[in-house]
Amino acid sequence: MAIEPEIGAEAERWHHHPGPVRNNPLFSWPPQPVAVLRWYAAYWLAVSTITITAVFSVAIYFTLLPALETMQSFQAGWMVRVWLANLLPQAICAGGLHMWLYHWRKQGNQTKYDARDLARDNGTYTFGNQVWDNMFWTLVSGVTLWTVAQWAVFWMMANGYAPAMLFPDNPVWFVLMFPFLVIWSSFHFYWVHRLLHVPAIYKHAHALHHRNVNVGPWSGISMHPLEHFLFYTNFAIHLIVPSHPIHILFHGYVQSVHPVFSHSGFDQLVVRDEEKAKMGDFFHQLHHRYFECNYGTVEMPWDKWFGSFHDGSADATQRTRAFKKQMYTK
């Protein structure tokens with residue numbers, strides 16, 4: 001693959017370098033309306049992590065989620081069903097992608113950012129194995145605290161302590177709530193992520209996630225419980241903004257199922273030597289290798305605005321390394 005000149009020597013550090021990292025053109029100046037339409041069409045009108053999470057949220061709502069009125073008191077029946085509503089999509093996506101990419105190796109190393117395999121017999125990880133480590137922290141801590149946060153929101157909505165909305169009430173806001181939640185999640189993630197990189201907090205919590213320099217599908221929400229707690233404070237927005245239960249599900253999947261794909265380690269899903277769908281996120285892959293950059297998402301230019309953007313170039317790597325050295329030098 002031809003690499004654009006501004007990437008320079010950085011291309012040699014990767015098995016697959018997809019080219020310069022671009023942010024959402026919505027915030028570019030002068031305006032680029034055609035580029036903006038293409039950007040949103042790629043996320044909302046094609047097979048993407050956004051459309052997958054939206055489909056999950058609608059399907060789970062109609063097949064598994066209990067009626068809101070049954071959630072007025074904490075009862076095992078509906079609480080277990082909410083837990084399953086989170087566990088099943090997470091396990092299906094992370095387990096399925098892991099089998100395709102790393103167990104069956106259906107596409108070899110095609111579009112794989114880092115040629116190295118996931119770690120085994122490595123004492124850095126719980127159980128000495130990166131995959132088992134990631135599965136443990138994802139399922140035992142991640143899905144649990146994600147579910148606890150949703151239990152609280154659903155219970156408050158059912159009892160009138162949080163604003164609830166039914167689809168017929170306001171169909172325009174019902175639809176707009178989906179992109180709003182993506183933007184809100186990006187904002188919240190950026191600032192919580194910056195907090196987690198404060199050295200004292202990083203050492204005791206976020207370092208567990210950053211064991212994964214070379215990431216895989218189960219790495220997405222493999223985190224310390226303190227990080228999960230901070231991560232899922234994101235659901236507090238539903239105590240202020242009127243939401244439908246479908247929005248609560250969608251929000252959870254954006255927070256937790258989307259990282260399965262962004263941490264897959266591969267740029268594209270390849271089937272029979274044809275690229276079928278955008279899958280990985282080189283923007284975040286750069287964060288896992290260089291740590292002190294790209295704290296947010298490409299959806300919003302927080303990193304550009306606050307000086308932590310890595311565009312995939314050799315110059316950006318030098319700047320990031322200098323910042324990291326300064327940050328950790330007493």
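Tutor: Setting aside neighbours up to four places away in sequence, Met 300 makes contact (heavy atoms within 4.5 Å) with Asn 23, Phe 27, Ile 183 and Ser 186. The model is predicted, so local features are given for pLDDT of at least 70 and side-chain atom pairs for pLDDT 80 or more, while totals for chains, interfaces and linings use all residues. Residues are numbered from 1 along each chain as its sequence is written, and side-chain values rest on heavy atoms, with hydrogens and water left out.

Met 300 belongs to the loop between α10 and α11; helices here are DSSP runs of H or I with at least four residues, strands are runs of E with at least two, and both are numbered from the N terminus. With a relative accessible area of 6%, Met 300 is buried, a word that stands for under 20%, whereas exposed stands for over 50% and partly exposed for the range between, with a 1.4 Å probe and protein chains only. Between the C-alpha atoms of Met 300 and Ser 185 the distance is 10.0 Å, although 115 residues separate the two along the chain.

Among the contacts of Met 300 is Phe 27, which lies in the segment before α1 (33-44). Phe 27 is partly exposed, its relative accessible area being 33%. Together with Leu 26, Phe 187, Trp 191, Trp 305 and Phe 306, Phe 27 forms a nonpolar surface patch of about 590 Å² accessible area. Patch members have over 30% relative accessible area and no salt bridge; like charges are joined within 9 Å and nonpolar side chains (Val, Leu, Ile, Met, Phe, Trp, Tyr) within 5 Å. The areas come from the Shrake-Rupley method with a 1.4 Å probe, and for residues only the protein chains shown count as cover. The segment before α1 also holds Pro 30, and the peptide bond between Trp 29 and Pro 30 is cis, with omega about 0°.

Asn 294 is not a glycine, yet its phi is positive, near 50°. This residue is buried, with a relative accessible area of 0%. Asp 121 is another non-glycine residue with a positive phi, about 50°; Asp 121 sits in the loop between α3 and α4 (130-158) and is exposed, with a relative accessible area of 80%.

His 288 counts as buried at 0% relative accessibility. Apart from residues up to four places away in sequence, His 288 touches His 209, His 210, Asn 212, Val 213, Val 215 and His 263.

Charged pairs come next. Side chains of opposite charge can pair when their charged atoms come close. The structure holds seven salt bridges, each defined by a side-chain nitrogen of Lys or Arg within 4 Å of a carboxyl oxygen of Asp or Glu. One of them joins Asp 114 to Arg 289, with 3.0 Å between the closest N and O atoms. Because Asp 114 lies in the loop between α3 and α4 and Arg 289 in helix α10, this pair ties together parts 175 residues apart in sequence. Asp 114 and Arg 289 are both buried. Another salt bridge brings together the side chains of Asp 267 and Lys 278, at 2.4 Å from N to O. Asp 267 is in the loop between α9 and β1 (268-271) and Lys 278 in strand β2 (residues 274-278), so this pair links parts that are eleven residues apart in sequence. Asp 267 counts as buried at 6% relative accessibility, while Lys 278 is partly exposed at 47%. Through shared partners, salt bridges also join Asp 114, Arg 116 and Arg 289 into one network.

Finally, a word on confidence. The average pLDDT, the predictor's confidence in each residue from 0 to 100, is 93 for the protein chain, and 98% of the residues score at least 70. Residues 1-5 have a pLDDT below 50, and this stretch has seven contacts in the model beyond near neighbours in sequence.
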